Amino acid sequence: MLIEELIIKMTEFNVGDPKRIQHFIKVYELAHVIGVKEGLDEATLRILDIASVMHDIGIRPSEQKYGRCDGKLQEQEGPAYVRDMLAIFTEVNREEIERVCYLIAHHHTYGNVDGLDYQILLEADFLVNALEDNLQKPAIIHFRDKVFRTGTGIHLINTMFGLID
């Protein structure tokens with residue numbers, strides 16, 4: 001029930017912005033599928049699920065504060081809003097909140113990836129962004145080759161974008 005309630009809260013947070021709401025739902029679904037297929041343990045999958053729903057929570061505050069929402073600003077602004085929102089969910093413990101904050105504070109940072117949850121979040125977010133941003137195949141291939149590491153993520157990107165010869 002946590003994820004469903006969190007989706008409702010994030011929908012309220014992004015009121016009036018169906019594109020952003022649908023974006024995080026798609027990222028959550030893909031991250032969850034990759035996480036399950038890659039054999040994440042239940043605790044890590046739970047953190048990934050929470051982080052994937054909340055990964056772009058820093059966009060709206062960045063737009064309001066700075067008039068823009070580049071990746072670094074999202075990473076900077078997101079964790080405070082994560083802590084505020086997750087404070088109402090008593091079933092989420094402090095260690096989980098800290099890991100979710102870490103993932104959100106790094107979800108546009110592609111080096112020094114320190115966990116499968118982090119890797120999968122990067123991959124799921126790119127799978128959705130590539131379509132939404134109408135990226136061309138050479139850019140998708142370049143990102144796949146530089147960033148993707150999971151077998152499931154590689155299979156999905158190749159299949160979705162017809163990169164299989």
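Predicted model: local features only at pLDDT ≥ 70, side-chain atom pairs only at ≥ 80, totals over all residues.
**The core**

Start by selecting I50, V53, M54 and L86. These residues have the most contacts inside the largest nonpolar core, which has 48 residues. To see where the core comes from, colour the helices α1 (2-13), α2, α3 (42-54), α5 (71-86), α6, α7, α8 (137-147) and α9 (151-160); each of them gives two or more residues to this core. The largest contribution is from α7, with nine residues. In soluble globular proteins, nonpolar side chains tend to be buried together.

Leaving out residues up to four places away in sequence, I50 touches L2, I3, L6, L86, V92 and V100.

**Helix α9**

Move to α9 and select T152, G153, L156, I157 and N158, the buried residues of this helix. Then display α2, α7 and α8, which are among the elements that cover them.

Centre on N158, which is found in helix α9. Is N158 buried or exposed? Its relative accessible area is 14%, and because the limit for buried is under 20%, N158 counts as buried. Not counting residues up to four places away in sequence, N158 touches R144, L163 and I164. Past the helix, select G162: this residue follows α9 and has a positive phi, near 60°.

**The largest pocket**

Select K19, R20, H23, D56, I59, Q74, H107, H108, D125, N129, E132 and D133, which line the largest pocket. The space in this pocket is about 190 Å³. How many residues of the lining are nonpolar, polar and charged? Colouring by type gives one nonpolar, five polar and six charged.

Within the lining, pick I59, which lies in helix α4 (residues 59-66). I59 is buried, with a relative accessible area of 8%. Apart from its neighbours within four places in sequence, I59 is in contact with R20, C69 and Q74. Of these contacts, R20 and Q74 also belong to the lining of the largest pocket. For a distance check, draw a line from the C-alpha atom of I59 to that of E12: the two are separated by 14 Å, and the residues lie 47 apart along the chain.

**Aromatic pairs**

Next, show the aromatic side chains. A pair of aromatic rings is described by the distance of the centres and the angle of the planes. With ring centres within 6.5 Å as the cut-off, the count comes to six aromatic pairs.

Select Y102 and Y118. Their rings are 6.1 Å apart, centre to centre, with 85° between the planes, an edge-to-face pair. Y102 sits in helix α6 (residues 94-104) and Y118 in helix α7 (residues 116-132), so the pair, 16 residues apart, links distant parts of the chain. Y102 is partly exposed, at a relative accessible area of 27%, whereas Y118 is buried, at 1%.

Select F143 and F148 next. With centres 6.3 Å apart and planes at 80°, this pair is edge-to-face. F143 counts as buried at 14% relative accessibility, and F148 counts as buried at 2%.

Definitions and conventions:
Residues numbered from 1 in each chain as written. Heavy atoms only, no water. Phe/Tyr/Trp six-rings, centres within 6.5 Å; stacked < 30°, edge-to-face > 60°. Helix = DSSP H or I, 4+ residues; strand = E, 2+ residues; numbered from the N terminus. Buried < 20%, exposed > 50% of the residue type's maximum accessible area, 1.4 Å probe, protein only. 1 Å grid on protein atoms, 1.4 Å probe; cavity = no way out; pocket = protein on both sides within 12 Å on 5 of 7 lines; lining within 4 Å. Points joined across faces, edges and corners; volume = space filled by probe spheres on them. Nonpolar A, V, L, I, M, F, W, Y, C, P; charged D, E, K, R; others polar. Core = buried A, V, L, I, M, F, W, Y, C linked by side-chain atoms within 4.5 Å. Contact = heavy atoms within 4.5 Å.
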